[in-house]
Amino acid sequence: MKTRFLFGLLCGALGAAGAGCDSQPGQTGPCAGISSELAPAAELPSIEPLHAGQAHAVLERCCLPCHRGPGGEGGIDITLSRDHALAPGLNRAMLGVLRSELMPPDSAPALGDEERGRLIAWLEQSAEPPASPARDSRPTLRRLSRDEYERTIRDLLGLGIRVTANFPADDVGYGFDRVADVLSTSPLLVEQEHAAAEQAVRALAADHHAWLRINSPAPDRAPLFYRQYRAPVRSPRENKTLRTHPAAVDAELVRQQHIYDILRAFADRAFRRPATHDEITALLNLVLAAEKDGEAPAHAIEIALEAVLASPRFLFRLEDVCDESIRGDFALAARLAYFLWSSMPDDELFALAAQGVLHVRGVLRAQVDRMLADPRANALAENFCAQWLETRRLEEQAGGSSSFPTLDPDLRQAMLEETRLFCIAILAEDRRILDFLDGDFTFVNDRLARHYEIKGDHDARFRRVSLAGTVRRGVLTQASVLAVTSSPARTSPVKRGKWILTNILGAPPLPPPSGVEAFKVQQPSSRPLTVREQLEAHRSRPECISCHDWMDPLGFALENFDRQGVWRETDAGARIDASAWLPGGEEFSGPQGLRDQLLRRRSAFIRCLAEKLLVYALGRGLDCNDQRALGPIVARVRSQGGRFRALVHAIVESDSFLDDRAPAAQELP
Amino acid sequence: MQAARLSRRAVLRGLGTSIALPWLEAMTPPGGCAPASAPLRMAILYAPNGAHMADWTPADDGLKLSPILEPLAGIESEILVVTGLALDPARAQGDGGGDHARAMASFLTGRHPRKTDGADLRAGISLDQLAAQAIGQTTRFPSLELGCEGGRSAGECDHGYSCAYQSNLSWRSESTPVAKEINPRLVFDRLFGSPQGDDDARATRRRKSVLDHVLAESTRLRRTLSTADRRKLDEYLTGVRELERRIASTQPALQTGSMPRPLGIPADYQEHLRLLADLLVLALQTDSTRIATFVFGNDGSNRTYPSLGVSDGHHDLSHHGGDPIKQARIRTINRFHVAQFAYLLRRLREVREGPGTLLDHCMILYGSGISDGNRHTHENLPVLLAGKANGTIRTGRHLRLRTETPITNLYLAMLDRLGVACERFGDSTGSFEGL
């Protein structure tokens, strides 16, 4: 009975994973107040939390009538303990449902916007202490992901080559494949990285222009202190080869200085910060040793370039860990570049970092604008959107399980391309964030136009089309999203509902308890059941209804879209019933009704998006300081018109992003 | 025999495809003194989402095969069906949902994985990796990790567990999962060298100088890093050292039989499984490694089986709710996986090795971390052992144990047979009787 109750408690509540300060056990650092440099009080009035007494009164009025005691609605008991604390886990669950305005229901005494905001602030403030001891919250050393490696190699060498086809897939954490703790390095990957280094350098040597570029190094622009030991091959005493051939000293010195410069320029860019004299000298020695072994000079340099690409300083984001430059500008340049481009910084970023001015607010803003206008910023749309929307799971994975077997490859490709182009448009045209929900345009080719029954002349090329006069709007009605939230053989309102709660409202349902049995089949029916009817069976069980009553109805509203996103009027021979309701009881119907409900909760949506984008930008789960930074970020974005670039700026200028680096290596044992 | 003294490369060049000789001949020194006994090999095969246990468990203690185990007909004498094993670390233990992630992450580690979506992954070292670290240095590859699917590429994996838990069976350390190779061509190239690679002495020397440089640089760098960062760098260093050892190794992989270089990942799942099984046989036969894992599918896999007439996803079906039609489809999928296992065993038995067969010198574990996929139970797991493990396992039986016997007790017995001393592993409670 106890487990049953606990289940009801967990399942009935909608917990926003990562919404409260207790949400990342083991990861929460000391929760100092966030210094809101980016949200000056004059611009954005901060929300004052309710006093404890006021908060208790609001709970008494709006929540406790239903959620009092062990028999509370949905198994939720909001009665405060003797020391005025909520039951464990409730704090964050309440934040999720309050932010997304899923609770309290309309039938409860009204909770005004201001009061809601102050109640949320009170809940945030009274966050439960971390579940496990605080850990060093600075980021762990992160390696380049497979995609970052690919793009970095291309930009570093100036070659459009593909070298990571054989890399093992990266694992995903917090929804993204760029989380430091999850990106581990297996011997298999090391092998592939070394093979890729060989392949890349071979391709470089074979390309006249690229090779020439590498061999014509730019002058040294690094701040002097970086190479304070600098004494490049000057003294013959340092070099045995030279000592034995005094007559050749001059010519050899010039030659070695040139090699040194080639290696310096290459390593500077590959390591994303000026290489030290020792590092360059070690590379030079590698070249000289290879020459001594009989390698031709050009080949000897190739070996050193290969060593640079096989170096942990290239493969790991070490510049983030040990950066002694002014205000960590090289680390900042790399963080920006991997956030917006999924690749290394370009020469302009390096130059600003070398001058030590990249962190200056105006310079930083201008650089972010410049970077977003660059085609390389498509990487943000491609990597972020495809993982946030989970559409990447549709991509043909080498050896991936064929969970979408009936999608023909052309259609699958078209679905993915539509979503990619749509996201790029929002980013490139700096559109409203809400366009993700209600944008009345999309991109189709002939295959997709047929799929959507959009009339007109279409061919293999994707073109922008207006959705005026159709039911489709935004990402929710794109075939990619509708397909990825379906089961192989039918739609899944459960998956679609869960997807909306998780990816749009930021209020993911808590998992079912371990060992819960799947719903029993209904008595044989005279006709096949619709998906909706099958789920009704599910929902008739008390231990399931509390959770499924949150998820399923949101999915019911999309039942007119089949598992591939085609509009349909019937399922299993019966007319589609797209009526739906919210947990509070409010009724709506179909995609339009769903859209209206989501737009009403735009603040929760923007926060959800901001949270995902911040995880993506930082490459780690959020701690409580990051969580608290989200409020000002969202407020700022909304006050500036709710456009996508405003969100990117707000994230880049947040303390979480700017200060996400280690103090220079100091933790010597 | 002349070929036995040829270099591996020479053999490859000469034939275009790889040819393998059994280890005994390979290892017989020119003087002609055969080693005392064949080395013992261990492989673990993982099938996702449990099994329809009513049709799995044999009715009695003898050899009468259950419907799911029928594909083993003809080799049942090589099998030991083990009933009664439990995987307690896969249970919720207060962590709520996520049984698929926990089943996969705890199956070989015997440890309850820490619930995290990313920060501070923790499971435990896995059975195969522990063995590989103890005895793997004698072969070119300490271990081999094979599988048919990579991880999920976006979104949530299983109720707050990072996808790393659900896509990895092998763990090198408690925080480092070992990625599996899914491409048969790359497995082939790793084992036998790429025909395109210029693997001559000069290339080897170049590679070695790059590796030396990287090792020296990393060692210097390591001193300046914090503990957490060192752990990450060490993952890389381990890989570099392994690579270096392999390049330095002159041990020839000697060969019999021939296998063409696979083209890539076959579109057909069965073809994919069989190619990897062939490669596994070749790897064990040539003594390239003695330890392997082979993941048929990540737990929670929702793969469809169109060739078997199953158009629903495996995971969707596993929550059959008592529907006999869905149960029949689950049984079909289970039988299919067992048939692939049987294929591997037959291949191993075809290889003569000394007076016996390669299978005689193996112990192969086949199983899942879930028994009933409908309710996510973790007791009475579907587990098979195959191979006589150099005469230390009596096969051809159905071994019934007290329920709730930790599967890690069995692992202790397996480690013991490999000569790896280990008193406790994961949640083990004691020694294992009855093999």
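This is a predicted model: local features need pLDDT of at least 70, side-chain atom pairs count only at pLDDT 80 or more; totals for chains, interfaces and linings use all residues.
Me: What share of the residues of chain B count as buried?

Reply: A residue is buried if 20 or more other C-beta atoms lie within 10 Å of its own, exposed if 12 or fewer, and partly exposed in between, with C-beta atoms placed from the backbone. Of the 435 residues of chain B, 60% are buried by that count. Helix α3 of chain B, residues 99-107, is mostly covered, with 9 of its 9 residues buried, among them Asp99(B), His100(B) and Arg102(B). The buried residues of α3(B) pack against β2 (41-46) and α5 (163-167) of chain B.

Me: Which strands of chain B pair with β3(B), and in which sense, parallel or antiparallel?

Reply: Two strands pair if DSSP finds at least two bridges between them. Strand β3(B), residues 79-86, joins β12(B), residues 383-386, through 4 bridges in the antiparallel sense, and Leu80(B) there stands opposite Leu385(B). With β13(B), residues 397-406, β3(B) pairs in the parallel sense over 6 bridges, and Val82(B) has Leu399(B) as its bridge partner. Strand β3(B) is also mostly covered, since 7 of its 8 residues are buried.

Me: How are two packed helices described, and at what angle do α7(B) and α8(B) cross?

Reply: Two packed helices are described by the angle between their axes and the distance between the axes. Axes are lines fitted to C-alpha atoms, for helices over the stretch in contact, and angles run from 0 to 180 degrees between N-to-C directions. The axes of α7(B), residues 201-222, and α8(B), residues 227-248, come within 10 Å and cross at roughly 155 degrees, which makes α7(B) roughly antiparallel to α8(B); angles under 35 degrees count as roughly parallel, over 145 as roughly antiparallel, 65 to 115 as roughly perpendicular and the rest as oblique. The crossing is left-handed, a term used if the near helix is turned anticlockwise from the far one by less than a right angle, with right-handed used if clockwise. By class, the contact of α7(B) with α8(B) has 9 nonpolar, 2 polar and 5 charged residues, where Ala, Val, Leu, Ile, Met, Phe, Trp, Tyr, Cys and Pro count as nonpolar, Asp, Glu, Lys and Arg as charged, and the others, Gly among them, as polar.

Me: At what angle do α16(A) and α17(A) pack?

Reply: Helix α16(A), residues 378-388, packs with α17(A), residues 409-428, at an angle of about 125 degrees, with their axes 9 Å apart, and the two are therefore oblique to each other. Their crossing is right-handed.

Me: How many residues of chain A are in contact with chain B?

Reply: Two residues are in contact if their C-beta atoms, placed from the backbone, lie within 7 Å. On that basis, 78 residues of chain A are in contact with 80 residues of chain B, and the largest share of the side of chain A that touches chain B, 6 residues, comes from α6(A).

Key
Residues are numbered from 1 along each chain as its sequence is written. Chains are lettered from A and ligands numbered from 1 in the order in which they are written.
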